[in-house]
Amino acid sequence: MHTFDHTELCMGTVFRFAGNSALPPVETKQLIEQACAILHEADRIFSLYKPESPLSQLAAGKTNLAGCPPVVSEIWDACDQWEKTTNGFFSAMTPQNTFDPSGLVKTWAAQLAADVLLNAGVRDFTLNAGGDIFIADGVTDAVNWRIGISKTVSIASPEAGVLTVLDLKGTGFNSMATSGSAERGLHIWNPKAPGKESAQELLQVSVIAKDLVTADVWATAAFAEGIRAVSHLTEVPDIQALFIFADGQITGTPGVIELFAKPEL
Amino acid sequence: MQSSNFQLTPIEPKRGWKAGAAVIGLLSVGAGVGVNFFLNPPTSTADASGSTGTQTVTGDTISYRYGEIQLEITTTGGQIKSITEKVATASPGYDTAFPYLHDDAIAAQGTSFANLSGATFSSEAYREALASAISKLQ
């Protein structure tokens, strides 16, 4: 058994794989390389920051869906499905009416990357995908089941700190995603607002779910929906959520109170 | 560990605003339909005996802390048959009146954890935060 802790810069953010592996260290290292290759391949196809990416070409009208790798259609369909599931509050169509699935691609790719390790029998690790966390079922150390939720300021800010801590051990939840304006400003639009204006009622939403994509999509949708998301998400099965309002109030879905970490004695 | 920057604000009791808004809303139509609201709360068979036949009336829009509310009531044969929220810009979230969780959030603050969840860190922010932390090393 050996520990590993690998940080990879990709998609303009930070991915961190950390845990324990019973495989020879060289094999673990290869698995992490494969996992990171998936992340970079997703970035190559879906980045809107790279003008040569298939998605940039699509957004610019220089190609069509049929001219893109098949995975683009797959993501298109997934976004479509999530738009229906969230009553339209998650949408990959930008205010400019171009296709921007960034809200899905990061955690979709992260989940595929985590699957590389899981499928090879490495089950005691966590993956931090730029602030969205996946905890594999085999995580042993209690501290690795606990996730700090950042304050609603950038982690580069002098006031940066931890708002609170959740503990997912034994809850059946493996993932948490947080949406907010602290790091990238108002980058989430409200697909249902007349001009798709940015949502501003909430500072931050954390969603806890079984899988990373579900957590991420609902966090994005809730942020766009605003305070009405509190009751909306309460009706959604198998997720919990913690909301920070613009005035600093903290509230959550009824079950989230069970997820707060118990203070250590 | 730092304490929270957030201010504690007293919680209104569950459904408190709704009852209050219902009172005001009904009062505003009370003159029209003759509801003696205080003697006959709407949960029982309210007295709208001044009215005849079936009537539907709408109260004024009432502003309150988290939005606006406007009620519509229907009376038949002098009894209130239904109360409908015409306008409720209150988040239904507040409607459901979840408790605020500051105390639980603060109580959990001192616990150690392995990962930090936040709005997607940019690699630049991550680098800055890292540099900042390193600069504070003794």
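**Ground rules**

I number residues from 1 along each chain as its sequence is written, with chains lettered from A and ligands numbered from 1 in the order in which they are written. The model is predicted, so I keep local features to pLDDT of at least 70 and side-chain atom pairs to pLDDT 80 or more, while totals for chains, interfaces and linings use all residues, and side-chain values use heavy atoms, with hydrogens and water left out.

**Chain A overall**

I looked up the elements and got six helices and ten strands in chain A. Helices here are DSSP runs of H or I with at least four residues, strands are runs of E with at least two, and both are numbered from the N terminus.

I then checked burial: 58% of the 265 residues of chain A count as buried. Buried stands for under 20% relative accessible area, exposed for over 50%, and partly exposed for what lies in between, with a 1.4 Å probe and protein chains only.

The accessible surface of chain A is about 10,700 Å², and carbon and sulfur atoms hold 54% of it. Those areas come from the Shrake-Rupley method with a 1.4 Å probe; for residues, only the protein chains shown count as cover.

For contacts (heavy atoms within 4.5 Å), I looked at pairs in chain A with a separation of 6 or more, and 58% of them join residues 24 or more positions apart.

**The eight-strand sheet**

I traced an open sheet in chain A with the order β1-β2-β3-β4-β7-β8-β9-β10 and antiparallel pairing. Its edges are β1 and β10 (250-252), each with a single partner strand, so one side of each has no neighbour in the sheet. From one strand to the next, the twist averages 10°. Angles run from 0 to 180 degrees between N-to-C directions, and axes are lines fitted to C-alpha atoms, for helices over the stretch in contact.

Two strands count as paired if DSSP finds at least two bridges between them. Strands β1 (residues 2-10) and β2 (residues 13-21) of chain A have nine bridges and pair in the antiparallel sense. A:His6 has A:Phe17 in β2(A) as its bridge partner. The two strands form a hairpin with two residues between them, and A:Met11 in the turn has a positive phi of about 55°.

On to the next strand: β2(A) runs antiparallel to β3 (residues 124-129) of chain A, joined by six bridges. There, A:Arg16 stands opposite A:Asn128.

**The sheet with a chain B strand**

I found an open sheet of three strands, β6(A)-β5(A)-β5(B), with mixed pairing. β6 (162-167) of chain A and β5 (115-117) of chain B are at the edges with a single partner strand each, so one side of each is left without a neighbour in the sheet. The twist averages 35° from strand to strand. β5 (residues 146-150) of chain A pairs with β6(A) in the antiparallel sense over five bridges, and one of the bridges sets A:Gly148 with A:Val165.

I checked α1(A) next: 22 residues, reaching 32 Å from first C-alpha to last, close to the 32 Å expected at 1.5 Å a residue. The expected span is 1.5 Å times one less than the number of residues. α1(A) lies across β1 and β2 of chain A, at about 20° to β1(A). Its buried residues, including A:Leu31, A:Ala35 and A:Phe46, pack against β1, β2, α2, α3 and α4 of chain A.

Which residues of α3(A) are buried? They are A:Val71, A:Val72, A:Ile75, A:Cys79 and A:Trp82. After α3(A) comes A:Asn87, with a positive phi near 55°.

**Two single residues**

I picked A:Ser56 in helix α2 of chain A. A:Ser56 is buried, at 10% relative accessible area. Leaving out residues up to four places away in sequence, A:Ser56 touches A:Ser47, A:Leu48, A:Lys50 and A:Pro51.

My last stop was A:Leu118 in helix α4 of chain A, buried at 14% relative accessibility. A:Leu118 and A:Ala136 are 18 residues apart in sequence and 7.9 Å apart in space, C-alpha to C-alpha.
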